[in-house]
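Take a slow look at the sequence and the 3D structure, and then let us walk through them together.

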Amino acid sequence: MAGTSVSSPEKVGAAYACDQCGADLSRFIRTRSSHAGPAIGQEKRVCRCGHEYSTGRVEWDNLSTEQRHSILKRTLFGCLFFFGILAFAGALGRGVQGYGISIDKAAGGCIEGLLGGWAFSVVLWFLLYLNVRSSLRRTRRPGGN
Ligand SMILES: [Zn+2]
């Protein structure tokens, strides 16, 4: 693998193709979006023809402190967002009866929503944990480069 050039693949419509052999690389490549921050993942992929491509992802070890913070913030905001949405939906769904609102039931629905938000948060952080762990396995494997 040493000495080969790493390039960004050519974009063909919505897909990415190898410019050496034309293989479809879309599943390896992340479309860059500046506001969302970097995605954690394998940085390079080798095509079937041996050409190396940069995937647009970055391994956790190679992220700057600010980039790590932005990923943690993104996850946190995702959790808060779902807490808010689910609590609101729960309160509305339970509380609105005909043309009136039952505060007791709205409060109950709100709590159910928060529990749903909590479950969602656990899943979100667990996925991030798995992502970081597999990234660390790639970069810190014994005998790896
Ligand atoms: Zn190729």
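Two residues are said to be in contact if their C-beta atoms, placed from the backbone, lie within 7 Å. Among contacts in this protein between residues at least 6 apart in sequence, 52% join residues at least 24 apart.

Before going further, a word on what you are looking at. This is a predicted model, in which local features need pLDDT of at least 70 and side-chain atom pairs count only at pLDDT 80 or more, while totals for chains, interfaces and linings use all residues. Residues are numbered from 1 along each chain as its sequence is written. The term pLDDT stands for the predictor's confidence in each residue, from 0 to 100. Its mean for the protein is 87, and 90% of the residues reach 70 or more.

Now for the overall plan. The protein has 2 helices and 9 strands; helices (H or I, at least four residues) and strands (E, at least two) are DSSP runs, numbered from the N terminus. Reading along the sequence gives the pattern β-β-β-β-β-β-β-α-β-β-α. Confidence is lowest in E2, with a mean of 73, and highest in H2, at 95. Where pLDDT is low, the predicted coordinates should not be read in detail.

How much of the protein is buried? A residue is buried if 20 or more other C-beta atoms lie within 10 Å of its own, exposed if 12 or fewer, and partly exposed in between, with C-beta atoms placed from the backbone. Of the 145 residues, 13% count as buried.

Let us start with the strands. An open sheet of 3 strands has the order E1-E6-E5, with mixed pairing. Strand E1 (6-7) and strand E5 (44-46) stand at the edges with a single partner strand each, so one side of each has no neighbour in the sheet. Two strands pair if DSSP finds at least two bridges between them. E5 and strand E6 (residues 52-54) run antiparallel and are joined by 3 bridges. To see this pairing at the level of residues, find Arg45, which stands opposite Tyr53 in E6.

Lys11 lies in strand E2 (residues 10-12) and counts as partly exposed because it has 13 C-beta neighbours inside 10 Å. Lys11 and Ser26 are 15 residues apart in sequence, and their C-alpha atoms are 8.9 Å apart in space. Asp19 sits in the loop between strand E3 (15-17) and strand E4 (39-40). With 16 C-beta neighbours inside 10 Å, Asp19 is also partly exposed. Which residues does Asp19 touch, not counting those up to four places away in sequence? They are Pro9 and Glu10. The C-alpha atoms of Asp19 and Pro9 are separated by 6.6 Å, although the two residues are 10 apart along the chain.

The helices come next. Helix H1 (residues 65-95) has 31 residues and reaches 44 Å from its first C-alpha to its last, close to the expected 45 Å. That expected span is 1.5 Å times one less than the number of residues in the helix. The buried residues of H1 are Ile71, Leu86, Gly90, Ala91 and Arg94, and what covers them includes E4 and helix H2 (103-139). Glu66, which is also placed in H1, is exposed because 9 other C-beta atoms lie within 10 Å.

H2 has 37 residues, which should span 54 Å, and its end C-alpha atoms are 53 Å apart, which agrees. Which residues of H2 are buried? They are Gly109, Cys110, Gly113, Gly117 and Ser135. The cover over them includes E4 and H1. An α-helix has 3.6 residues a turn, so residues three or four places apart point the same way. Ala119 and Cys79 are 40 residues apart along the chain, and their C-alpha atoms are separated by 9.7 Å.
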